[in-house]
Number of protein chains: 2
Amino acid sequence: MSGPRDEIEALIALMARLPGLGPRSARRAVLHLLRKREGQMAPLAAALARVAEAARDCPRCGNIAVGATCEICDSPARATGEICVVEDVADLWAMERGGAFKGRYHVLGGTLSALDAIGPEELRIPHLIARVRDEAVGEVILALNATVEGQTTAHYIAEALEGTGARVTSLAQGVPIGGELDYLDDGTISAALRARRAL
Amino acid sequence: MSGPRDEIEALIALMARLPGLGPRSARRAVLHLLRKREGQMAPLAAALARVAEAARDCPRCGNIAVGATCEICDSPARATGEICVVEDVADLWAMERGGAFKGRYHVLGGTLSALDAIGPEELRIPHLIARVRDEAVGEVILALNATVEGQTTAHYIAEALEGTGARVTSLAQGVPIGGELDYLDDGTISAALRARRAL
(Lines give C-alpha, C1' and ligand atoms only; values in the text may rest on other atoms or scores of the structure.)
Protein backbone atom coordinates (compact mmCIF):
# COMPACT_ATOMS: atom_id res chain seq x y z
CA MET A 1 0.00 0.00 0.00
CA SER A 2 1.34 3.48 -0.81
CA GLY A 3 0.03 7.02 -0.59
CA PRO A 4 -2.27 8.58 1.96
CA ARG A 5 -2.57 5.61 4.31
CA ASP A 6 1.22 5.42 4.45
CA GLU A 7 1.51 9.09 5.36
CA ILE A 8 -1.16 8.69 8.02
CA GLU A 9 0.46 5.52 9.37
CA ALA A 10 3.82 7.31 9.52
CA LEU A 11 2.18 10.12 11.47
CA ILE A 12 0.58 7.64 13.88
CA ALA A 13 3.96 5.95 14.40
CA LEU A 14 5.56 9.32 15.24
CA MET A 15 2.74 10.20 17.64
CA ALA A 16 2.99 6.78 19.31
CA ARG A 17 6.58 7.59 20.35
CA LEU A 18 5.37 10.40 22.63
CA PRO A 19 5.32 9.54 26.33
CA GLY A 20 1.80 8.75 27.51
CA LEU A 21 0.60 7.69 24.06
CA GLY A 22 0.61 4.13 22.73
CA PRO A 23 -0.31 2.87 19.25
CA ARG A 24 -4.05 2.91 20.01
CA SER A 25 -4.20 6.35 21.61
CA ALA A 26 -1.90 7.73 18.90
CA ARG A 27 -4.36 6.46 16.28
CA ARG A 28 -7.21 8.07 18.19
CA ALA A 29 -5.32 11.38 18.44
CA VAL A 30 -4.51 11.37 14.70
CA LEU A 31 -8.12 10.60 13.84
CA HIS A 32 -9.21 13.49 16.05
CA LEU A 33 -6.76 15.75 14.22
CA LEU A 34 -7.92 14.46 10.82
CA ARG A 35 -11.45 15.54 11.74
CA LYS A 36 -10.19 19.01 12.75
CA ARG A 37 -7.63 19.62 10.02
CA GLU A 38 -8.11 23.38 9.76
CA GLY A 39 -8.73 24.15 13.39
CA GLN A 40 -6.20 21.92 15.13
CA MET A 41 -3.96 19.88 12.84
CA ALA A 42 -2.52 22.75 10.80
CA PRO A 43 -1.95 25.00 13.88
CA LEU A 44 -0.28 22.10 15.73
CA ALA A 45 2.00 21.41 12.76
CA ALA A 46 2.92 25.10 12.57
CA ALA A 47 3.54 25.41 16.33
CA LEU A 48 5.74 22.29 16.33
CA ALA A 49 7.72 23.53 13.33
CA ARG A 50 8.22 26.96 14.91
CA VAL A 51 9.44 25.55 18.21
CA ALA A 52 11.60 22.85 16.56
CA GLU A 53 13.23 25.54 14.44
CA ALA A 54 13.74 28.16 17.16
CA ALA A 55 14.48 26.16 20.31
CA ARG A 56 18.03 25.41 21.40
CA ASP A 57 19.84 24.69 24.66
CA CYS A 58 20.96 27.82 26.51
CA PRO A 59 24.79 27.63 26.40
CA ARG A 60 24.97 29.17 29.86
CA CYS A 61 22.41 27.26 31.95
CA GLY A 62 21.10 24.42 29.76
CA ASN A 63 17.48 25.64 29.79
CA ILE A 64 15.49 25.64 26.52
CA ALA A 65 16.30 28.95 24.83
CA VAL A 66 15.24 30.73 21.68
CA GLY A 67 17.74 33.56 21.46
CA ALA A 68 21.46 33.32 22.15
CA THR A 69 20.77 32.69 25.84
CA CYS A 70 17.51 31.78 27.59
CA GLU A 71 14.95 34.22 28.96
CA ILE A 72 16.01 33.64 32.54
CA CYS A 73 19.70 34.23 31.80
CA ASP A 74 18.71 37.28 29.71
CA SER A 75 16.61 38.86 32.43
CA PRO A 76 18.51 41.46 34.52
CA ALA A 77 15.87 40.95 37.24
CA ARG A 78 17.15 37.41 37.79
CA ALA A 79 20.78 38.36 38.48
CA THR A 80 20.61 37.76 42.22
CA GLY A 81 23.86 35.89 42.75
CA GLU A 82 21.93 32.66 43.32
CA ILE A 83 22.09 29.56 41.10
CA CYS A 84 19.56 26.77 41.44
CA VAL A 85 20.93 23.43 40.21
CA VAL A 86 18.28 21.08 38.71
CA GLU A 87 18.55 17.70 36.99
CA ASP A 88 16.29 18.50 34.09
CA VAL A 89 14.38 21.20 32.21
CA ALA A 90 11.19 19.62 33.59
CA ASP A 91 12.44 20.36 37.11
CA LEU A 92 13.28 23.94 36.07
CA TRP A 93 9.70 24.33 34.82
CA ALA A 94 8.38 22.91 38.09
CA MET A 95 10.50 25.41 40.08
CA GLU A 96 9.26 28.26 37.87
CA ARG A 97 5.63 27.20 38.41
CA GLY A 98 6.31 27.56 42.14
CA GLY A 99 7.50 31.09 41.41
CA ALA A 100 9.48 31.31 44.66
CA PHE A 101 12.98 31.35 43.15
CA LYS A 102 14.24 34.59 41.63
CA GLY A 103 17.79 33.63 40.69
CA ARG A 104 19.22 31.73 37.74
CA TYR A 105 19.45 28.03 36.98
CA HIS A 106 21.96 25.40 36.00
CA VAL A 107 20.45 22.35 34.29
CA LEU A 108 22.63 19.24 34.73
CA GLY A 109 20.76 17.07 32.26
CA GLY A 110 20.84 14.02 34.52
CA THR A 111 22.62 12.58 37.53
CA LEU A 112 26.05 11.03 38.02
CA SER A 113 26.02 7.37 37.07
CA ALA A 114 29.06 5.14 36.88
CA LEU A 115 26.94 2.48 35.19
CA ASP A 116 25.88 4.76 32.32
CA ALA A 117 29.33 6.42 32.21
CA ILE A 118 27.87 9.79 33.15
CA GLY A 119 30.60 11.74 34.91
CA PRO A 120 30.91 15.38 36.01
CA GLU A 121 31.82 16.53 32.46
CA GLU A 122 28.62 15.08 31.00
CA LEU A 123 26.60 17.02 33.59
CA ARG A 124 28.55 20.24 32.98
CA ILE A 125 29.68 20.37 36.61
CA PRO A 126 33.04 22.03 35.71
CA HIS A 127 30.96 24.62 33.82
CA LEU A 128 28.88 25.16 36.98
CA ILE A 129 32.01 25.71 39.06
CA ALA A 130 33.28 28.22 36.48
CA ARG A 131 29.92 30.04 36.58
CA VAL A 132 29.97 30.19 40.37
CA ARG A 133 33.39 31.90 40.21
CA ASP A 134 32.68 34.16 37.21
CA GLU A 135 29.19 35.34 38.19
CA ALA A 136 30.13 36.05 41.82
CA VAL A 137 27.48 33.62 43.02
CA GLY A 138 26.79 33.76 46.76
CA GLU A 139 24.53 30.72 47.03
CA VAL A 140 24.08 27.50 45.09
CA ILE A 141 20.74 25.80 45.81
CA LEU A 142 20.74 22.11 44.94
CA ALA A 143 17.17 21.27 43.85
CA LEU A 144 17.90 17.68 42.88
CA ASN A 145 15.41 14.86 43.22
CA ALA A 146 15.27 13.19 46.62
CA THR A 147 16.47 9.91 45.08
CA VAL A 148 19.74 8.08 45.74
CA GLU A 149 21.14 9.28 42.39
CA GLY A 150 20.01 12.87 42.99
CA GLN A 151 21.51 12.98 46.48
CA THR A 152 24.79 11.37 45.36
CA THR A 153 25.10 14.02 42.68
CA ALA A 154 24.23 16.74 45.22
CA HIS A 155 27.02 15.57 47.55
CA TYR A 156 29.51 15.48 44.69
CA ILE A 157 28.60 19.04 43.65
CA ALA A 158 28.77 20.31 47.24
CA GLU A 159 32.32 18.94 47.54
CA ALA A 160 33.32 20.30 44.15
CA LEU A 161 32.13 23.78 45.15
CA GLU A 162 34.22 23.86 48.33
CA GLY A 163 36.69 26.70 48.09
CA THR A 164 34.58 28.83 45.75
CA GLY A 165 33.20 30.73 48.73
CA ALA A 166 29.59 30.08 47.68
CA ARG A 167 27.12 28.77 50.26
CA VAL A 168 25.68 25.42 49.15
CA THR A 169 22.13 24.61 50.26
CA SER A 170 19.50 22.09 49.27
CA LEU A 171 15.69 22.05 49.27
CA ALA A 172 14.16 21.21 52.64
CA GLN A 173 12.78 17.72 53.09
CA GLY A 174 9.58 17.21 55.04
CA VAL A 175 5.83 16.83 54.91
CA PRO A 176 4.36 18.23 51.64
CA ILE A 177 1.79 21.02 51.96
CA GLY A 178 -1.59 19.29 52.34
CA GLY A 179 0.16 15.98 53.00
CA GLU A 180 -1.44 13.51 55.42
CA LEU A 181 0.96 11.67 57.71
CA ASP A 182 -0.96 8.42 57.29
CA TYR A 183 -0.14 8.39 53.56
CA LEU A 184 3.52 9.40 53.82
CA ASP A 185 6.41 6.97 53.67
CA ASP A 186 8.54 6.35 56.75
CA GLY A 187 11.61 8.06 55.25
CA THR A 188 9.76 11.34 54.75
CA ILE A 189 8.35 11.29 58.29
CA SER A 190 11.80 10.57 59.76
CA ALA A 191 13.36 13.37 57.70
CA ALA A 192 10.61 15.80 58.73
CA LEU A 193 11.11 14.87 62.40
CA ARG A 194 14.88 15.34 62.21
CA ALA A 195 14.39 18.75 60.56
CA ARG A 196 11.67 19.85 63.03
CA ARG A 197 11.39 23.56 63.73
CA ALA A 198 10.17 25.68 66.67
CA LEU A 199 6.65 26.98 66.04
CA MET B 1 5.96 37.10 29.41
CA SER B 2 6.62 36.95 25.69
CA GLY B 3 8.84 34.94 23.39
CA PRO B 4 9.93 31.31 23.64
CA ARG B 5 7.93 30.36 26.73
CA ASP B 6 4.80 31.70 25.02
CA GLU B 7 5.46 29.61 21.92
CA ILE B 8 6.09 26.54 24.04
CA GLU B 9 3.00 27.20 26.17
CA ALA B 10 0.91 27.60 23.00
CA LEU B 11 2.25 24.27 21.77
CA ILE B 12 1.43 22.60 25.10
CA ALA B 13 -2.11 24.03 24.93
CA LEU B 14 -2.58 22.59 21.42
CA MET B 15 -1.23 19.21 22.49
CA ALA B 16 -3.50 19.20 25.55
CA ARG B 17 -6.55 19.29 23.26
CA LEU B 18 -5.73 15.84 21.87
CA PRO B 19 -7.86 13.01 23.24
CA GLY B 20 -5.96 11.05 25.88
CA LEU B 21 -3.66 13.96 26.78
CA GLY B 22 -4.30 16.46 29.57
CA PRO B 23 -2.28 19.55 30.51
CA ARG B 24 0.29 17.54 32.47
CA SER B 25 0.85 14.81 29.89
CA ALA B 26 0.91 17.41 27.11
CA ARG B 27 3.68 19.23 28.96
CA ARG B 28 5.56 15.96 29.35
CA ALA B 29 5.14 15.16 25.64
CA VAL B 30 6.36 18.62 24.60
CA LEU B 31 9.37 18.34 26.92
CA HIS B 32 10.15 14.97 25.37
CA LEU B 33 9.97 16.54 21.91
CA LEU B 34 12.13 19.51 22.99
CA ARG B 35 14.82 17.04 24.00
CA LYS B 36 14.59 15.31 20.60
CA ARG B 37 14.16 18.32 18.35
CA GLU B 38 16.01 16.92 15.34
CA GLY B 39 14.96 13.30 15.61
CA GLN B 40 11.30 13.61 16.56
CA MET B 41 9.94 17.15 16.77
CA ALA B 42 10.86 18.29 13.27
CA PRO B 43 9.70 15.01 11.61
CA LEU B 44 6.41 15.15 13.55
CA ALA B 45 5.84 18.76 12.49
CA ALA B 46 6.54 17.85 8.86
CA ALA B 47 4.29 14.76 8.94
CA LEU B 48 1.44 16.74 10.49
CA ALA B 49 1.81 19.53 7.93
CA ARG B 50 1.88 17.06 5.02
CA VAL B 51 -1.25 15.23 6.19
CA ALA B 52 -3.10 18.45 7.14
CA GLU B 53 -2.34 19.82 3.68
CA ALA B 54 -3.15 16.69 1.68
CA ALA B 55 -6.03 15.05 3.54
CA ARG B 56 -9.65 15.70 2.59
CA ASP B 57 -12.96 13.88 2.85
CA CYS B 58 -13.63 11.51 -0.03
CA PRO B 59 -16.67 13.06 -1.78
CA ARG B 60 -17.96 9.60 -2.60
CA CYS B 61 -17.68 7.63 0.66
CA GLY B 62 -16.59 10.12 3.34
CA ASN B 63 -13.31 8.31 4.09
CA ILE B 64 -10.11 10.35 4.54
CA ALA B 65 -8.71 10.83 1.03
CA VAL B 66 -5.66 12.42 -0.50
CA GLY B 67 -6.50 12.44 -4.20
CA ALA B 68 -9.87 13.30 -5.73
CA THR B 69 -11.39 10.15 -4.21
CA CYS B 70 -10.03 7.83 -1.52
CA GLU B 71 -7.80 4.81 -2.07
CA ILE B 72 -10.62 2.37 -1.49
CA CYS B 73 -12.97 4.11 -3.96
CA ASP B 74 -10.04 4.38 -6.42
CA SER B 75 -9.16 0.70 -6.25
CA PRO B 76 -10.74 -1.37 -9.05
CA ALA B 77 -10.22 -4.44 -6.86
CA ARG B 78 -12.77 -3.10 -4.37
CA ALA B 79 -15.64 -2.73 -6.88
CA THR B 80 -17.58 -5.74 -5.65
CA GLY B 81 -21.07 -4.30 -5.56
CA GLU B 82 -21.00 -4.25 -1.76
CA ILE B 83 -21.15 -1.13 0.41
CA CYS B 84 -20.34 -1.29 4.11
CA VAL B 85 -21.99 1.54 6.06
CA VAL B 86 -20.04 2.75 9.11
CA GLU B 87 -20.62 5.60 11.54
CA ASP B 88 -17.12 6.95 11.51
CA VAL B 89 -13.69 6.83 9.83
CA ALA B 90 -12.43 5.10 13.01
CA ASP B 91 -14.90 2.27 12.34
CA LEU B 92 -13.75 2.07 8.71
CA TRP B 93 -10.16 1.71 9.94
CA ALA B 94 -11.27 -1.01 12.37
CA MET B 95 -13.01 -2.88 9.50
CA GLU B 96 -9.89 -2.54 7.34
CA ARG B 97 -7.70 -3.88 10.15
CA GLY B 98 -9.94 -6.94 10.16
CA GLY B 99 -9.24 -7.24 6.41
CA ALA B 100 -12.33 -9.40 5.79
CA PHE B 101 -14.33 -6.86 3.77
CA LYS B 102 -13.39 -6.34 0.13
CA GLY B 103 -16.07 -3.88 -1.01
CA ARG B 104 -16.43 -0.14 -0.58
CA TYR B 105 -17.58 1.99 2.33
CA HIS B 106 -20.00 4.74 3.15
CA VAL B 107 -19.09 6.83 6.20
CA LEU B 108 -22.15 8.41 7.84
CA GLY B 109 -20.22 10.68 10.18
CA GLY B 110 -22.53 9.96 13.13
CA THR B 111 -25.93 8.57 13.99
CA LEU B 112 -29.44 9.98 13.70
CA SER B 113 -30.28 12.16 16.67
CA ALA B 114 -33.40 14.29 17.03
CA LEU B 115 -31.84 15.96 20.06
CA ASP B 116 -28.76 17.16 18.16
CA ALA B 117 -30.83 17.87 15.01
CA ILE B 118 -28.92 15.25 13.03
CA GLY B 119 -31.24 14.00 10.32
CA PRO B 120 -30.71 11.79 7.26
CA GLU B 121 -29.24 14.69 5.23
CA GLU B 122 -26.52 15.35 7.79
CA LEU B 123 -25.51 11.66 7.58
CA ARG B 124 -25.58 11.68 3.77
CA ILE B 125 -28.20 8.94 3.70
CA PRO B 126 -29.82 10.29 0.48
CA HIS B 127 -26.30 10.16 -1.02
CA LEU B 128 -26.04 6.52 0.11
CA ILE B 129 -29.35 5.67 -1.57
CA ALA B 130 -28.17 7.36 -4.77
CA ARG B 131 -24.91 5.38 -4.64
CA VAL B 132 -26.78 2.10 -4.16
CA ARG B 133 -28.76 2.83 -7.33
CA ASP B 134 -25.89 4.27 -9.41
CA GLU B 135 -23.21 1.72 -8.51
CA ALA B 136 -25.51 -1.30 -8.98
CA VAL B 137 -24.90 -2.36 -5.39
CA GLY B 138 -26.15 -5.85 -4.55
CA GLU B 139 -25.62 -5.75 -0.78
CA VAL B 140 -25.45 -3.03 1.85
CA ILE B 141 -23.79 -4.19 5.08
CA LEU B 142 -24.68 -2.04 8.06
CA ALA B 143 -21.65 -2.10 10.37
CA LEU B 144 -23.02 0.37 12.89
CA ASN B 145 -22.25 0.26 16.58
CA ALA B 146 -24.45 -2.05 18.67
CA THR B 147 -25.79 0.94 20.60
CA VAL B 148 -29.38 2.25 20.65
CA GLU B 149 -28.39 5.17 18.36
CA GLY B 150 -26.49 2.89 15.98
CA GLN B 151 -29.35 0.41 15.73
CA THR B 152 -31.97 3.16 15.29
CA THR B 153 -29.92 4.53 12.41
CA ALA B 154 -29.52 1.03 10.97
CA HIS B 155 -33.29 0.49 10.95
CA TYR B 156 -33.87 3.87 9.31
CA ILE B 157 -31.35 3.07 6.56
CA ALA B 158 -32.81 -0.41 6.02
CA GLU B 159 -36.25 1.14 5.47
CA ALA B 160 -34.88 3.87 3.23
CA LEU B 161 -33.16 1.27 1.04
CA GLU B 162 -36.36 -0.69 0.47
CA GLY B 163 -37.16 -0.69 -3.23
CA THR B 164 -33.57 -0.27 -4.37
CA GLY B 165 -33.26 -4.03 -4.80
CA ALA B 166 -30.14 -4.21 -2.62
CA ARG B 167 -29.96 -6.80 0.13
CA VAL B 168 -29.46 -5.10 3.52
CA THR B 169 -27.52 -7.02 6.16
CA SER B 170 -25.85 -6.16 9.43
CA LEU B 171 -22.87 -7.51 11.37
CA ALA B 172 -23.64 -10.64 13.40
CA GLN B 173 -24.02 -10.20 17.13
CA GLY B 174 -22.66 -12.82 19.49
CA VAL B 175 -19.75 -13.94 21.62
CA PRO B 176 -16.47 -12.19 20.63
CA ILE B 177 -13.58 -14.45 19.60
CA GLY B 178 -11.72 -15.31 22.80
CA GLY B 179 -14.64 -14.04 24.86
CA GLU B 180 -15.46 -15.75 28.15
CA LEU B 181 -19.15 -16.16 28.90
CA ASP B 182 -18.63 -15.28 32.54
CA TYR B 183 -17.44 -11.80 31.57
CA LEU B 184 -20.08 -11.06 28.92
CA ASP B 185 -23.17 -8.96 29.55
CA ASP B 186 -26.61 -10.60 29.52
CA GLY B 187 -27.66 -8.85 26.30
CA THR B 188 -24.76 -10.32 24.34
CA ILE B 189 -25.40 -13.83 25.66
CA SER B 190 -29.11 -13.58 24.81
CA ALA B 191 -28.29 -12.29 21.31
CA ALA B 192 -25.77 -15.10 20.78
CA LEU B 193 -28.29 -17.69 21.92
CA ARG B 194 -31.02 -16.35 19.61
CA ALA B 195 -28.56 -16.38 16.67
CA ARG B 196 -27.24 -19.89 17.50
CA ARG B 197 -26.03 -21.98 14.58
CA ALA B 198 -25.74 -25.71 13.86
CA LEU B 199 -22.17 -26.94 14.39
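**Ground rules.** I'm working on a predicted model, where local features need pLDDT of at least 70, side-chain atom pairs count only at pLDDT 80 or more, and totals for chains, interfaces and linings use all residues. Residues are numbered from 1 along each chain as its sequence is written, chains are lettered from A and ligands numbered from 1 in the order in which they are written, and side-chain values use heavy atoms, with hydrogens and water left out.

I looked up helix H3 of chain A (residues 37–54) and H3(B) next, and they pack at about 150° with axes 8 Å apart. Axes here are lines fitted to C-alpha atoms, for helices over the stretch in contact, and angles run from 0 to 180 degrees between N-to-C directions. Helices are DSSP runs (H or I, at least four residues; strands are E, at least two), numbered from the N terminus. H3(A) and H3(B) are therefore roughly antiparallel to each other. The crossing is left-handed, i.e. the near helix is turned anticlockwise from the far one by less than a right angle (clockwise would be right-handed). Contact (heavy atoms within 4.5 Å) involves residues including Leu44(A), Ala45(A) and Leu48(A) on H3(A) and Leu44(B), Ala45(B) and Leu48(B) on H3(B). I get 16 nonpolar, no polar and two charged residues there. The classes: Ala, Val, Leu, Ile, Met, Phe, Trp, Tyr, Cys and Pro are nonpolar, Asp, Glu, Lys and Arg charged, and the others, Gly among them, polar.

**Symmetry.** I checked how the copies relate: a 180° rotation with 0.0 Å of shift along its axis puts chain B on chain A at RMSD 0.0 Å. That is the relation of a two-fold axis. In chain B, the C-alpha nearest the axis belongs to Ala45(B), at 2.4 Å. Both copies use the same surface, as 100% of the contact residues of chain B recur in chain A.

I found the axes of H2(A) (residues 23–35) and H5(B) (residues 89–98) coming within 10 Å and crossing at roughly 135°. That makes H2(A) oblique to H5(B). The crossing of H2(A) past H5(B) is right-handed. Among the residues in contact are Arg27(A) and Leu31(A) of H2(A), and Trp93(B) and Arg97(B) of H5(B). By class, I have five nonpolar, no polar and three charged residues.

Terms used. Angles under 35 degrees count as roughly parallel, over 145 as roughly antiparallel, 65 to 115 as roughly perpendicular and the rest as oblique. Copies are superposed by least squares on the C-alpha atoms of residues with pLDDT of at least 70 in both.
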